[in-house]
Amino acid sequence: MKKLYAGLFLSLIFPAAYAATIYYNGVDGIIGVNWKLGTTWVGGVVPSAGDDVVFDSSHATVSSNSTFVWLNNAAGEKTIVNSITFVDNFFDANKRALRFTWGQENPVLEVTQDVVLKTDIKIGARGYAVVNEVGMYCGGTLDVKGNFICDYSNMVGYIGGASNATTTYGDFTGPLTNFYVGGNLELKSLAGLNINVGVNTYGSTVDINNPDVDVKGFILAGNTSAERGFLYLGAPATGNVSQVVACGGLSGFLGIRNAMNGKTGLTTIVLNVAAAQTVYHSYALSDDTNWDFNATSKMAVVMNGEGTQYLGYDNSSQLRFSGGITVNSGKLLVNGNAMGSNDTVYTHGDLEMNGGSFGIFNNQSGAGTFTFTDCYWKDGTIILGTYENTVDMLTFTGTFSVGVGEISDVVFSFEGDCSALLTQQKIIDCSDFSSDFTVDSFKADDAYIFGELYTAEFELKSDGLYMQYVAAVPEPAMFAIIFGFASFAFAFARRRR
């Protein structure tokens, strides 16, 4: 027991032996400072696992020339620290960068807690002419176990460089191989972050289970336009790009757009929303840096969780992406009145339904619509809102056809005042339904309207699918019960006479 108390006492009075705050020192006039050298750090102590690393100009001795700190790791070697913080004043009148590797492939920088960026940064290309630069790049992995927080107004940060030249490890051009965040990727106060990771995967099969960027928590920003954040995906100087970005949901007033500048490529956003969670996203999802549709650089959305994700919750939101939507599970709802939702020039690509629910909502009166090219149906539910005399509608400019494998019925769920469906309404605008579908392929729950029971009736016409609620007709068994009750009542009345 005495040994136990002694160990506890020593752990309390000597915590610095196990963890410390290590400040960047820098060496004036030298380009290329080795992370592993004691002279790079105040006090001569190289950061290690458990240490908090801080970059600020009150400790750094650099006063003029550009200074770059690199992780001189062997291939696959890990550098582990507890946290990294870039303080507001670190970049005053200087150009400094944290280089990820020098001449070796795929090192790992692992941060067990948070990375906090309180200043303009560049995690990417070297760019001698650019002031305020931090680089983590050249083929490695940035693994943040906690949160990655961009906490600075009008920040323009870069992760992964500005090129897809993944073999140029001796220069400052290659992107990161992977970027992992165990908590949230948080963009505060109009902060902007560019991510160019995994671009070498272009042309290969999109693997949503092996993302290039994997955020276990939310990608989030503030809840108002004044607090919004910006995420720019894929920004190569040359060549085509492709990347998979997974997260636990998109939250807040957040703008996400491809930064491919018209190059051929695809960014797939995978929403792994946890069960029983509902996440609200407002503002923009876009194929293009100009917040618009693009014929070559596309953004796709995959719903892969068990919870609920709203896209474009604010009515001024922009949903201008054309790479398609796939729903595997959970519930994905899009704003049918968001800008770009009813665009007749560009569609949102294909809708692939493998399960779960997909639907339209809006926060104002009047129905909305959402336009796709083709539908590939396997299983799931379509949710449409009803508003006075109108109903939400899905539009398909191509074919409504079956997906791969055995298919289930197309089930509809209606939210709101269903009295609009007492008259026939078009709910799917499509002139080309596959012959696999008949009116019996479409189902909807019965509804009580004005206290009466109604059942759904569908009709396939040359321009789409129509539906209305009609008065429910009792089943034969119900007829027997009614007839039996009437006979009993008649017999009872005769006996009383």
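Okay, some ground rules. As the model is predicted, local features need pLDDT of at least 70 and side-chain atom pairs count only at pLDDT 80 or more, while totals for chains, interfaces and linings use all residues. Residues are numbered from 1 along each chain as its sequence is written, and side-chain values use heavy atoms, with hydrogens and water left out.

Let's start inside. A nonpolar core here is a set of buried Ala, Val, Leu, Ile, Met, Phe, Trp, Tyr and Cys residues joined through side-chain atoms within 4.5 Å. Buried means under 20% relative accessible area, exposed over 50%, and partly exposed in between, with a 1.4 Å probe and protein chains only. The largest core has 92 residues, and Phe 148, Ile 325, Phe 358, Phe 412 and Phe 414 touch the most other members. There's also a second, separate core of seven residues, including Tyr 232 and Trp 291.

Now Phe 148 again: its bridge partner in strand 14 is Leu 185. Strands are DSSP runs of E, at least two residues, numbered from the N terminus, and two of them pair if DSSP finds at least two bridges between them. Strands 11 and 14 run parallel, joined by four bridges. Strand 11 also pairs with strand 9 in the parallel sense, over three bridges.

Last stop: Lys 298, in strand 23. Is Lys 298 buried or partly exposed? Partly exposed, because its relative accessibility is 26%. Lys 298 touches Asn 258, among others (heavy atoms within 4.5 Å). Asn 258 sits in strand 20 and is buried, at 0%.

Note on methods: Lists of a residue's contacts leave out its neighbours within four places in sequence.
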